[in-house]
Amino acid sequence: MSLYFLRRALGAVLVLLAISVVIYATFYVAPGDPAKLACGPRCNPEQLRQVREQLSLDDPVYLQYWHFLQGVFVGHDYSTGTGVMHCDAPCFGLSYQNDQQVTELIAQRLPATLSLAAGAMALTLLLGIGTGLLSVVRRGGVVERALTWLTLAGIATPVFISGLALLMVFCAYLEWLPFPSYVALTDDPEQWAWNMLLPWVALALLESSKYARMTRSSMLETLAEDHVRTFRAYGVSERAIVGRHALRGAVAPVIAMAAVDFGSMVGGTMLTETMFGLPGVGQLLVHSVQTVDLPVVVAIVMVIGAAVVIANIIGDVLYAAADRRVALR
Amino acid sequence: MTDPLVKVTDLAVSFPAGDGFVRAVDGLSFELAPGGALALVGESGSGKSTVAYGLLGLHRSTGAEATGEVRVAGHDVLAADEAELRRVRGGVAAMVFQDPLSSLDPYQAIGDQIAEVHRVHRRGTTRRAARARAVEVLDRVGIPDASRRARSRPHEFSGGMRQRALIAMALACEPRLLVADEPTTALDVTVQAQILGLLRELRAETGMGLILVTHDLGVAADSVDELLVMKDGRAVERGAVRKVLDAPGEDYTRALLAAVPRMNVRRPGARPAKADDAVLLEATGLTREFGRGKRAVTAVDQVSLTVRAGETVGVVGESGSGKTTLGRMLVRLLEPTGGELRYRGRDIGGLKESGLRPFRAELQMVFQDPVSSLNPRRSIGESIADPLRVAGKLTDAEIAARVRELLERVGLDPGAYHRYPHEFSGGQRQRVGIARALAPEPRLIVCDEPVSALDVTTQAQVVKLLGELQRDLGLALVFIAHDLAVVRQVSDRLVVMRGGRIVEEGPADSVYENPRHPYTQGLLAAVPRLEREEAAA
């Protein structure tokens, strides 16, 4: 088991290194002068020269990449003209916008994103598996057909439509909830939950449709297995069959997918974050892309990559735990 | 007269297929007296399993349509509502399925599964009492140390123990009828004999009725009072088991009986290998291990075997005896981990793929499953042509002509070149497999369970074909099978394997008539017989 984790961790590091090479190549080597971007629009040639020196942009590309890796693993020192600023590992450089350390920038934004991802995923699983099971138990009836259409509608509705509708109904018209503004969990858990409620629901409505369909098809597959037939032949009720004999096998792939989706949610919920004004990583990414703040973009892509890779490992472990026939190797 | 336990009147079951319906059962009527035992026998597609499922109303969730009347202990199964049907299932009539591994929940302890079924039918039973009942029935069906083993999951049981556990589940609610669908088909003969013995005992003890579905007339002969022979969803013949077997009234029954391989029938024209026949293949101390270190398993252990030109060597053994591993090593689909393998004097045991290439054409194999061993997306002609194309000696036109010739040789229409595997029956597909093996003009063919997936009549045809081919082409055959009667029909020499080793070897007739090793004796004794005199012997 520990050998398994060691192998997977090593694999994860290699994957992330490969991602970093690609990202680095795309953003730093592609057309456009990073020095000009970092220096800003009103920049004289002397300042530009200083910036090039500070960022070692005159070095060969492989050396630049090496410095980048050094920064990630052991940290990096930057001269600020008057003194030296140390950037601890993992250091992804300084933002072109305000010279803040990228790591710090992201760390500030992570709590909001994690709050959104965790809550939305919990709700997604509850809604998705629930409706999936309901449509299996009531298959062939009106309920199933209605659920099939609803989940299709859920998949087809972008979050900026459903989110807007939720805001209008619950905040503007019914006035049941305040317009969401982010409150940290550590400051006030109750307010945190109330303010996160609508973003969770909006994201979960979209995601859960996918899970409902997956649960349904996976459940139907399990119900066609021989051991389910045995319990039918012994007069066990359909509900007991679904709950006791089919659920575990059926949700195993669903849970594995949830882990991976959670990983991509950590970086990929900019629409929901923008919609509800959550100061998360997604918003930061949008902003950084707009302002061509390369170090931040690179770092966020690395964070997303790391989250997906780690989530993948967790997903595999969960799958093996649910399905004993799968051995971790 | 008492009411019958089962009364089926004019039952018809149709399954939706394509645009219309396929009739699996058509106008079937029969009765079973309380405590009686009836076997439904027939070839695949005869509708026998469909009838068994219909008795418990299990056709309902499959989209099948059933008409007529099915009464089980007074319950009208076809008209019953869900609640009544659930009371019948398990409580009145319990079912035992063919594949005991997939028929149990892989995640749950066997005792818990039995206890759950018990609690469904005995409302108000406490969990503790239901568990105790599960242990009791497991003990009754002969699971050693039942109170501890009740906590095991299905994968920790052997095939025979799993089938015992399924029977225990059936017993848990004291049903009046046991429906067993091919209960021993997936098991070895010795285990099969034990399970059939157990069923007989339980019937005598509890007085429950038995409906046994089987393709194996020998199994039926041993276990029931009456036979119902089915073909294409209809009853062909019905009567007391001895009467039907000894004096069948219908042609179809006679044909079916004639096709059953007999243990006492010698191979027509069997000949003991002569010392001057050229030695084709010689294995010395052949060994194969799987896995490494502590988990290493020795599948074949120090096996020495000689195959001479033009003879058939039968290899028999139960599952796990290493016979398939041995067969695959003989044609070098698998590399031995120890010992020596000589083909016409050349050591081929340690050769790499490139070194083996000259020998590939001469060593061929026919596989068990004619469905999965043919590429479903290639026409059968192309599949047969593949080994010829690889050899690269013939032109396209010559290859096409040779394939047609081969198709004809194995008894297929030469015009079938462009048809696909799914258009053929199981027996025809196995003929295609044989044609493919013949294509490169081999000297030796290893047949691994070539007929065990086929019905008896088809089995007899394929066995006959192999015998003819061997005689006409002077091939050497290694015939691997678990069915002792089939092996007898084709073999000159016999090898009995157990636990990766050869326990007995000799001319087929002397091994069958005077087995020396106790294991061989037990194996032969366990085979169910059709004839009374044989059974008495």
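## The antiparallel sheet of chain B

Strand β11 (residues 279–290) of chain B is joined to β12(B) by 8 bridges, and the two run antiparallel. This pairing comes from a predicted model. One bridge sets B:L281 against its partner B:V307 in β12(B).

The pair belongs to an open sheet of 4 strands in chain B, ordered β12-β11-β14-β15, with antiparallel pairing. The edges are held by β12 (297–308) and β15 (346–347) of chain B. Each has a single partner strand, so one side of each lacks a neighbour in the sheet. Helix α11 (residues 323–330) of chain B lies across β11, β12 and β14 (338–343) of chain B. Its direction is about 125° to β11(B).

## The mixed sheet of chain B

Another open sheet in chain B has 6 strands, in the order β6-β7-β8-β3-β9-β10. Its pairing is mixed. Here β6 (93–96) and β10 (234–240) of chain B stand at the edges. Each of them has a single partner strand, so one side of each is without a neighbour in the sheet. On average, neighbouring strands of this sheet are turned by 15° against each other, direction ignored.

Within the sheet, strand β3 (residues 37–41) of chain B runs parallel to strand β8 (residues 209–214) of chain B. The two are joined by 5 bridges. B:L38 is placed opposite B:I211 in β8(B). Helix α6 (residues 159–171) of chain B lies across β6 and β7 (177–181) of chain B, at about 170° to β6(B).

## A buried strand: β18(B)

How many of the 6 residues of strand β18 (residues 476–481) of chain B are buried? The count is 6 of the 6, so the strand is largely enclosed by the rest of the structure. Its residues point two ways: B:A476, B:V478 and B:I480 one way, B:L477, B:F479 and B:A481 the other. All are buried.

β18(B) has parallel pairings with two strands of chain B, β13 and β17. Strand β13 (residues 312–316) of chain B is joined to β18(B) by 5 bridges. There, B:T312 has B:L477 as its bridge partner. Strand β17 (residues 444–448) of chain B is also joined to β18(B) by 5 bridges. On that side, B:V446 stands opposite B:V478.

## A buried helix: α1(B)

Helix α1 (residues 48–55) of chain B has 7 of its 8 residues buried, so this helix too is largely enclosed by the rest of the structure. The buried residues are B:K48, B:T50, B:V51, B:A52, B:Y53, B:G54 and B:L55. After α1(B) comes B:G57, with a positive phi near 65°.

## Chain A: overall figures

Chain A has 13 helices and 2 strands. Its C-alpha atoms fill a box of roughly 85 × 55 × 35 Å along the principal axes. Of its 329 residues, 41% are buried. Among contacts in chain A with a separation of 6 or more, 64% link residues 24 or more positions apart.

## Chain A: the surface

The accessible surface of chain A is about 17000 Å². Carbon and sulfur atoms account for 66% of that area. A nonpolar surface patch of about 680 Å² is formed by A:L164, A:M168, A:V169, A:Y173, A:L174 and A:W176.

A:M168 lies in helix α7 (residues 159–173) of chain A.

Note on methods:
Residues are numbered from 1 along each chain as its sequence is written. Chains are lettered from A and ligands numbered from 1 in the order in which they are written. This is a predicted model: local features need pLDDT of at least 70, side-chain atom pairs count only at pLDDT 80 or more; totals for chains, interfaces and linings use all residues. Side-chain values use heavy atoms; hydrogens and water are left out. Two strands pair if DSSP finds at least two bridges between them. Contact means heavy atoms within 4.5 Å. Axes are lines fitted to C-alpha atoms, for helices over the stretch in contact, and angles run from 0 to 180 degrees between N-to-C directions. Patches are made of residues with over 30% relative accessible area and no salt bridge: like charges are joined within 9 Å, nonpolar side chains (Val, Leu, Ile, Met, Phe, Trp, Tyr) within 5 Å. Accessible areas come from the Shrake-Rupley method with a 1.4 Å probe; for residues, only the protein chains shown count as cover. A salt bridge is a side-chain nitrogen of Lys or Arg within 4 Å of a carboxyl oxygen of Asp or Glu. Buried means under 20% relative accessible area, exposed over 50%, partly exposed in between (1.4 Å probe, protein chains only).
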